[in-house]
Amino acid sequence: QRTGRMDTPGGTTSPEDDDESIEAVNMAVITVVVLAFVVGAACWWTWRRGGTCGGDDGLLELEDGPEAQKAAAQALKPSSAHPVTSATEASLATGVTPDLVRRLHAPGDTAANFEALLHFRRLLSAETNPPIDDVINAGIVPTLVRMLNESDDHRFKHEAAWALTNVASGTSRHTQTVVDEGGLDAFVAHLDSADVVLREQVIWGLGNIAGDSASLRDLALSKGIMTHLVANLAIGTQPSLMRQAVWVVSNLCRGRPAPDWEAVEVAVPPLAQLVMGGVKDDEVLTDACFALSYLADGPNERIQAVIDCKVINAMVKLLDQPDPVLTPALRFVGNVVTGSDTQTQEVVDAGALPRLLRLLAGVKKETRKEAAWACSNVTAGNQSQIQAVIDAGLMPPILDMLRDDDMQVRKEALWVVTNAVSGGSREQRAYLAAQGCIPLLVTWLRTEEASEDKFGRTQTILESLEELLQSGERDQVDAAAPAAEQSANPHVAWLTEAGGVQVLEAVSNQFAASGDATNHGIDTARDILQKYFGIEAPARGSPSAADETAA
């Protein structure tokens with residue numbers, strides 16, 4: 001206790017004061033001491049329960065549940081605001097000691113058991129360098145699992161589940177230890193607990209396990225947990241519980257290789273209902289969108305299962321939202337349009353293209369890249385869908401990206417153009433050429449020399465240039481007409497003005513020198529040079545080509 005001078009309203013007391021004044025002062029001292037003791041005892045009991053006393057002091061109330069724990073990054077540290085005894089202070093400072101381990105296992109001493117449990121949970125909740133290895137090496141994890149499974153005291157269950165969750169948040173080895181000691185099964189056994197705080201905590205623990213690796217994700221799914229989890233996604237569920245559940249569902253749906261469809265398909269309808277129901281919680285909405293984007297990432301059958309839940313319109317409208325909702329909504333749209341033409345048309349009909357046009361001008365590089373990627377999947381569709389992209393005004397900003405943007409964004413813009421050229425009609429190719437794509441493709445060929453994937457993309461660009469040059473040829477009424485009358489091809493002129501002949505010769509030489517018999521880019525380059533410019537290019541593996549390139 002703090003002690004100090006006791007001042008009266010009239011000033012300080014002195015030996016000359018009468019006995020009545022002295023008695024009054026003594027009574028005041030006793031009153032203050034008693035009040036201090038009562039307040040200290042109340043704070044101590046609150047602290048023992050995992051709560052806080054005296055304001056924001058770095059500790060979290062147990063009743064706040066996993067969501068509050070998550071928000072505070074598991075930061076639980078003793079504070080000077082707590083009137084802790086010297087024994088408690090010492091225990092918090094010593095870490096994983098043999099004495100505390102003995103107290104945790106002391107038979108019949110519930111108070112000692114709980115005090116040690118609380119101590120270890122607080123150690124594991126440290127913001128930096130929690131002593132997870134020390135806890136594992138001391139053999140505490142099996143005890144935590146036993147307490148979660150066998151204790152009838154909800155305090156023991158809460159603290160044990162919380163501590164196991166923190167152990168599972170460590171390295172893959174730490175997470176595997178929890179699983180090996182029965183922690184996964186203990187979490188699963190409490191998934192339907194009527195104790196909402198405990199249910200929320202074990203769901204968080206399952207999320208840490210499932211998020212560690214694809215193998216542990218699949219192991220968790222094999223326990224049949226998805227059905228139990230999605231039961232917590234119904235509108236009206238306690239917000240923090242819903243946040244925790246949808247985050248874990250998202251973890252279970254993600255990863256490579258993808259989870260077995262049979263284990264996750266049950267999540268599609270409730271996730272779709274969350275999105276279509278207009279849930280107001282951005283965290284819930286974001287994780288629901290991520291989960292749906294993972295579920296739509298795969299074969300057309302999976303994409304169709306998501307479409308059948310009538311969620312496309314709602315997801316497309318979410319493209320109007322800012323982050324964090326925008327990112328998973330945009331990824332979802334991009335995944336759906338990787339499907340069949342019919343599935344792609346669902347997204348087009350829902351009004352995605354005008355929204356993608358706006359996102360192409362986004363400030364964030366990742367947003368522009370994802371929007372361009374989605375556009376490239378639309379232009380990989382049929383000619384009607386390519387025309388829809390053109391009519392929506394997407395091609396000018398795409399060409400601007402191809403001209404000047406981050407390299408990752410430019411790569412996606414390149415696929416938008418080459419897909420449109422490859423699958424487009426003659427009129428659509430002529431439109432692209434008139435918009436200036438030929439010089440841009442030539443420029444890309446120049447920059448591909450330093451690219452690790454230069455032969456793969458170069459071949460695609462060469463094929464696009466060949467198709468663009470073909471679209472510039474005039475209809476020939478008389479095939480026997482003189483060649484001079486058949487050569488008026490503006491596309492050839494645009495390629496020549498861009499220095500394309502020299503670039504094609506250099507590319508042809510590179511292909512020839514590579515000796516790669518599986519790459520047909522040299523054939524395309526040679527055909528263009530011979531047909532449109534009358535230049536004989538070297539054959540594949542030609543020594544003269546190799547010598548010329550070396551020189």
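Arg358 counts as partly exposed, at 43% relative accessibility (buried means under 20% relative accessible area, exposed over 50%, partly exposed in between, with a 1.4 Å probe and protein chains only). The model is predicted, with local features needing pLDDT of at least 70 and side-chain atom pairs counting only at pLDDT 80 or more, while totals for chains, interfaces and linings use all residues. Residues are numbered from 1 along each chain as its sequence is written, and side-chain values use heavy atoms, leaving out hydrogens and water.

Arg358 forms a salt bridge with Asp320 (3.4 Å, N to O); the term stands for a side-chain nitrogen of Lys or Arg within 4 Å of a carboxyl oxygen of Asp or Glu. Arg358 lies in helix α22 (residues 352-359) and Asp320 in the loop between α19 (312-317) and α20 (326-336), so the pair ties together parts 38 residues apart in sequence. Helices (H or I, at least four residues) are DSSP runs, numbered from the N terminus. Asp320 is partly exposed too, with a relative accessible area of 42%. A network of salt bridges links Asp320, Arg355 and Arg358.

The structure holds 17 salt bridges. Another of them joins Arg256 and Asp297, with the closest N and O atoms 2.6 Å apart. Arg256 sits in the loop between α14 (239-253) and α15 (261-264), and Asp297 in the loop between α17 (282-295) and α18 (300-307), so this pair ties together parts 41 residues apart in sequence. Arg256 is exposed at 60% relative accessibility, whereas Asp297 is partly exposed at 28%.

Arg403 and Asp400 also meet in a salt bridge (2.8 Å, N to O). They are three residues apart in helix α25 (residues 395-403), and therefore separated by about one helical turn.

Definitions and conventions
Helix = DSSP H or I, 4+ residues; strand = E, 2+ residues; numbered from the N terminus.
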